[in-house]
Number of protein chains: 2
Amino acid sequence: MPTELKKKTATLSDIAEAAGVAAMTVSRVVSGVGYVSESTRERVLKALKDHNFRRNGLARGLKRRSTETVGLVLGDISNPYSTELARGVRETLLSRGFNLFICISDAGETEDTQAFKSLAEHSVDGIIVATRSNKGGDKYLRELVETNVPVVALGRDLEHRHVDLVGTDNFKGGFVATEHLIERGHKRIAFLGANLSVGSQLKRLQGYVAALEENAIAVDDELVVGHGDDNVGGYSTEEIGFEGMKRLLSLKNRPTAVFARNDFTAIGAMRAISDAGLSIPKDVAVVGFDDIPMAARMSPSLTTVRQPMRLQGEIAATMLLDRITSKTPIRRRQRVLDCELIVRESSSE
Amino acid sequence: MPTELKKKTATLSDIAEAAGVAAMTVSRVVSGVGYVSESTRERVLKALKDHNFRRNGLARGLKRRSTETVGLVLGDISNPYSTELARGVRETLLSRGFNLFICISDAGETEDTQAFKSLAEHSVDGIIVATRSNKGGDKYLRELVETNVPVVALGRDLEHRHVDLVGTDNFKGGFVATEHLIERGHKRIAFLGANLSVGSQLKRLQGYVAALEENAIAVDDELVVGHGDDNVGGYSTEEIGFEGMKRLLSLKNRPTAVFARNDFTAIGAMRAISDAGLSIPKDVAVVGFDDIPMAARMSPSLTTVRQPMRLQGEIAATMLLDRITSKTPIRRRQRVLDCELIVRESSSE
DNA sequence: TTATTGTATGTTAGCGTTAACATATTCCTA
DNA sequence: TAGGAATATGTTAACGCTAACATACAATAA
């Protein structure tokens, strides 16, 4: 025999036989439910240990019609806020005895659908979706909802009477960030990284526009630069900020302040400003969005809009658990969380 | 009735009844295996669509003893290379018809074990581990391996005759990075972020030491600064670089070059150097490790050691699939990938 | 004493799927 | 035209687990 025989995984019946009891008794010991005498329990526990028993979640799930598992679908993971969000979700789930499986989908409809499908087929008890909305994926998700799979949308929308929503007040975020710059005396304020195909981005832009209008500043289309329909995440948006800022700086009448759609984009913009030999915030003030850890530690440190990512994860998980444990259907609920302007050096000396 | 009734998920038997065939025939249509006449297939397909059928992966997995699913356990996800790694794994798996579930564990033994356990209980066909090694987690993993669960370790070790290894040549990376600095004329070269409890970090440090010794430069303990047993990921290591560099700069005989354990740490170091009014690379040269996208885009751009993260993911996935599909046990295999020095501005003008 | 409740176990059946086997029926080929 | 192969379908029995029910004995209450 060239290689060692490996142990076959033991089943409840195997343990039962070894301990001289019925399989059901072992099941009771393992799941800690029902009556088992102390002496029997000890005997069974020993057998479990001896045989290295691990229960078969498939069989268990099949019978119980619940796997106590939740799926989280993320678009971009290389992003500090994805981490925070996942942490919030996971901690809440764990404290309620649920497990978390994460799927990544960063390449559009097919992948989204693929991810949802694989989660659904593995009978997760519910799904938290934090990817960008797209037609094919949304369609599939709605089908899942129709067949009783609890779904919560995080940082995005999914129109359905049984899907909950958690998000940040992006409009307000855009508004206060822009207002802050206006208060500092800026009139030519650019918006960097506009991507109208993403709901949250659109809201931030709308907040920006509203703040300008409220202060009787005309919106200059030239100052709203975006990347059309870019589909990149995390760090990659730094490049968008860099390129966009270069374009802005090359304008005859360049902006004196810029509001970037997220912190990475802002960081890219700061780099472009430094490269051009200009000073922040003297020549150009910068405000970002998200408050990633790095924002506080740059020099100059970055003024930004903080959104409570972990809290969003916690709330989404709680909502999902509500749906999972509720016997009766729950109507759509929406939680829009407040966000907070964190003023640092990049916008004020 | 206050809320709408929702559809019950249809089973093979439901479809079979609707189409007037046996459940087995429906199964054949769904999985595309075995003989089914064209007319029957069409009838079944229609019924499947009408009833919105989704197959029950639990039952399927239970019967087939395979879920065609793989688990990837990551420590820190907010890290560009985790993304790349996951991408490599996922693409390879998808192309072979497997699904990927990711678990995050960033808080030590209990969480590691928890993650492994939940994957194992859900009967994934194999596990790729990319977390830091720790006693409790490793013990549990070995138990899994003993009960036939295929495991591949990525970027870390797990001693077991049936566990494959994929990693980068960290020793060489540390060596070439240090050698490069020596070639540039540096004699006082610091190592920043030493964490001896992590295998890969240790190897990088050893490479650093070896390069110094080969060039007859004594290792100065003062220049090896670390964080003992820190347990932080991604961005947080930027802080370690910042603090460590401040300490180094305060030495009476400060280093003229520094090799940081990863790019984030290097970025932190660069910040400390700039803050001290010193110039990079004139006063202090900096070399990082990983080549995250941002490294190329900073100013000055960061010299670093590139490791092929996506490739590592692909190889790990391939090795795991080998194990999953092989009928006979496979002996431990190890793939140590080469890494490459990318010279940029932070170490040469 | 007898009924009542609590404790401790066992038995049965079925969750939804598919491997393995059993039939039919058709189609060649020798 | 017999007989083997290919095609098309159905039946049965698990996979490993637990809900639901059944039983048995103890301890307590009336």
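Visitor: How much area is buried between chain B and chain A?

Guide: The size of an interface is often given as the accessible area lost when the parts come together. Buried area here is the accessible area (1.4 Å probe) that two parts lose on being put together, summed over both. Between chain B and chain A about 6200 Å² is buried, and carbon and sulfur atoms give 55% of that area. Please note that this is a predicted model, in which local features need pLDDT of at least 70 and side-chain atom pairs count only at pLDDT 80 or more, while totals for chains, interfaces and linings use all residues. Residues are numbered from 1 along each chain as its sequence is written, chains are lettered from A and ligands numbered from 1 in the order in which they are written, and side-chain values use heavy atoms, with hydrogens and water left out.

Visitor: How many residues of chain B are in contact with chain A?

Guide: Contact means heavy atoms within 4.5 Å. By that rule, 67 residues of chain B touch 68 residues of chain A.

Visitor: How many salt bridges are counted between chain B and chain A?

Guide: A salt bridge is a side-chain nitrogen of Lys or Arg within 4 Å of a carboxyl oxygen of Asp or Glu. The count between the two chains is twelve. One of them joins Glu238(A) to Arg297(B), with the closest N and O atoms 2.6 Å apart. By class, the side of chain B that touches chain A has 24 nonpolar, 22 polar and 21 charged residues. In this scheme Ala, Val, Leu, Ile, Met, Phe, Trp, Tyr, Cys and Pro count as nonpolar, Asp, Glu, Lys and Arg as charged, and the others, Gly among them, as polar.

Visitor: Which rotation superposes chain B on chain A?

Guide: Copies are superposed by least squares on the C-alpha atoms of residues with pLDDT of at least 70 in both. A rotation of 180° with 0.0 Å of shift along its axis places chain B on chain A, with an RMSD of 0.2 Å. That is the relation of a two-fold axis. Moreover, 100% of the interface residues of chain B are also interface residues in chain A, so the copies meet through the same surface.

Visitor: Which residues are the closest to DNA strand C?

Guide: A residue is near a strand if one of its heavy atoms lies within 4 Å of it. Of the 23 residues surrounding DNA strand C, the closest are Thr25(A), Ser37(A), Arg65(A), Leu12(B) and Ser27(B). Helices are DSSP runs (H or I, at least four residues), numbered from the N terminus. H4(B) gives the most to the surface near DNA strand C, with four residues.

Visitor: What part of DNA strand C lies within 4 Å of the protein?

Guide: Of those atoms, 66% belong to sugar or phosphate and the rest to bases. For single atom pairs, a polar contact is a pair of N or O atoms within 3.5 Å; within protein, one must be able to donate a hydrogen and the other to accept it, and residues adjacent in sequence count only if both atoms are side-chain atoms.

Visitor: Which helix gives the most to the surface near DNA strand D?

Guide: That helix is H4(A), with four residues. Arg60(A) has a polar side-chain atom 2.6 Å from a phosphate oxygen of DNA strand D.

Definitions and conventions. Helices (H or I, at least four residues) and strands (E, at least two) are DSSP runs, numbered from the N terminus.
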